[in-house]
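The sequence and the structure come first.

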2 protein chains.
Amino acid sequence: MKKEADVFFEFLVGKGLKFTSQRKIILNIFLNTEDHLSVDDLFVLSRREDETIGYATVHRTLKLIKESGLAREVDFGEKRKRFEHLFGHKHHDHLICTKCGDAIEVFDPKIEKLQEKLAQKYGFKPSFHRMEIFGLCKKCGKREPHPV
Amino acid sequence: MKKEADVFFEFLVGKGLKFTSQRKIILNIFLNTEDHLSVDDLFVLSRREDETIGYATVHRTLKLIKESGLAREVDFGEKRKRFEHLFGHKHHDHLICTKCGDAIEVFDPKIEKLQEKLAQKYGFKPSFHRMEIFGLCKKCGKREPHPV
DNA sequence: GTAAAACATGATATTGATTTTCAATTTCAT
DNA sequence: ATGAAATTGAAAATCAATATCATGTTTTAC
């Protein structure tokens with residue numbers, strides 16, 4: 001069992017909640033998937049492992065995982081929310097391909113610095129931020145060199 | 001009538017659509033409000049001017065305005081979408097106060113440059129981006145100097 | 001060990017925003 | 001004025017997110 005599971009366990013204990021078999025399955029699948037999953041995605045994956053898991057449980061568990069600090073919500077401009085787990089990932093932003101939907105994780109310390117400065121300039125106390133660049137990824141950019 | 005209305009008119013004509021009285025009212029109110037409006041906000045405002053305008057019409061018109069390039073969708077982490085008009089506004093990003101909901105428009109050319117570079121580094125062709133910094137605005141930061 | 005209390009679960013219902021449908025109306029080129 | 005095409009507002013449908021609820025599990029108190 002990963003140390004992430006311990007973090008989640010401690011979080012649950014702290015709230016008087018239980019680390020049930022369903023929550024274990026859902027957490028593990030979520031942590032082992034290097035992808036940006038919607039509740040529905042995770043529900044489908046979880047069902048493969050346990051035929052009886054319900055959608056509501058996945059939804060609730062993902063919410064708890066997020067509260068525990070192990071995940072954050074991301075928005076790629078779709079209707080549905082997605083989640084990404086944060087273990088083994090430093091803070092990062094995204095390049096999102098509008099063609100294939102692929103999301104590349106990126107980080108630029110200079111940008112981060114400037115964001116801090118920018119906030120300061122307005123007397124603003126930043127707690128978190130979000131930056132997404134939309135466009136065509138390398139592959140899709142090659143495939144579509146001549147926009148119609 | 002503003003030149004923005006001309007842009008919208010041309011857009012409509014290009015699609016074989018009509019610049020009706022409802023669309024005029026909705027467009028004008030939208031352009032004259034320096035705020036980030038939801039469909040519902042705009043619906044309420046429009047009703048003040050014309051008691052008979054329907055929600056669906058506001059929704060559809062806002063969609064058209066967006067398609068015409070006069071507006072873009074913004075997401076301040078709420079449930080509902082908001083829209084901001086782009087005329088008289090250069091490209092900008094936002095500082096969003098998580099306490100009072102206020103959104104400050106900001107722009108930093110250095111960040112923009114670095115975003116371009118960052119994309120390049122990954123062979124990514126950016127078409128647009130989004131950057132939001134969440135935290136406490138000047139006022140709210142002062143009011144709450146000691147987090148509990 | 002047993003009963004009560006607390007928590008969890010899965011199915012279903014509800015919510016709230018968004019989007020579509022549809023019959024009636026308006027627009028506009030002729 | 002006429003007819004084809006577009007528009008409208010009300011209502012219904014959609015869809016993800018969330019809440020409810022009856023039933024199961026644990027845990028705890030005795």
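A helix crossing is called left-handed if the near helix is turned anticlockwise from the far one by less than a right angle, and right-handed if the turn is clockwise. In this predicted model, the crossing of H3(A) and H4(A) is right-handed. Helix H3, residues 39-49 of chain A, packs against helix H4, residues 55-67 of chain A, at an angle of about 120°, and their axes lie 9 Å apart. That angle makes H3(A) oblique to H4(A).

On the H3(A) side, the residues in contact are A:Val39, A:Asp40, A:Leu42, A:Phe43 and A:Ser46, and they meet A:Tyr55, A:Val58, A:His59 and A:Leu62 in H4(A). Sorted by class, the contact of H3(A) with H4(A) comprises 6 nonpolar, 2 polar and 1 charged residues.

Turning to the cysteines, a search of the whole structure finds 0 disulfides over all chains. Because a disulfide requires two cysteine sulfur atoms within 2.5 Å, the sulfur of A:Cys137, which is 3.7 Å from its closest cysteine sulfur in A:Cys140, is too far away for a bond. B:Cys100 is likewise in no disulfide, with the nearest cysteine sulfur, that of B:Cys97, 3.7 Å away. The accessibility of A:Cys137 and B:Cys100 is set out below.

Key. Residues numbered from 1 in each chain as written. Chains lettered and ligands numbered in written order. Predicted model: local features only at pLDDT ≥ 70, side-chain atom pairs only at ≥ 80, totals over all residues. Heavy atoms only, no water. Axes fitted to C-alpha atoms, helices over the stretch in contact; angles between N-to-C directions. Helix = DSSP H or I, 4+ residues; strand = E, 2+ residues; numbered from the N terminus. Parallel < 35°, antiparallel > 145°, perpendicular 65-115°, else oblique. Contact = heavy atoms within 4.5 Å. Nonpolar A, V, L, I, M, F, W, Y, C, P; charged D, E, K, R; others polar.
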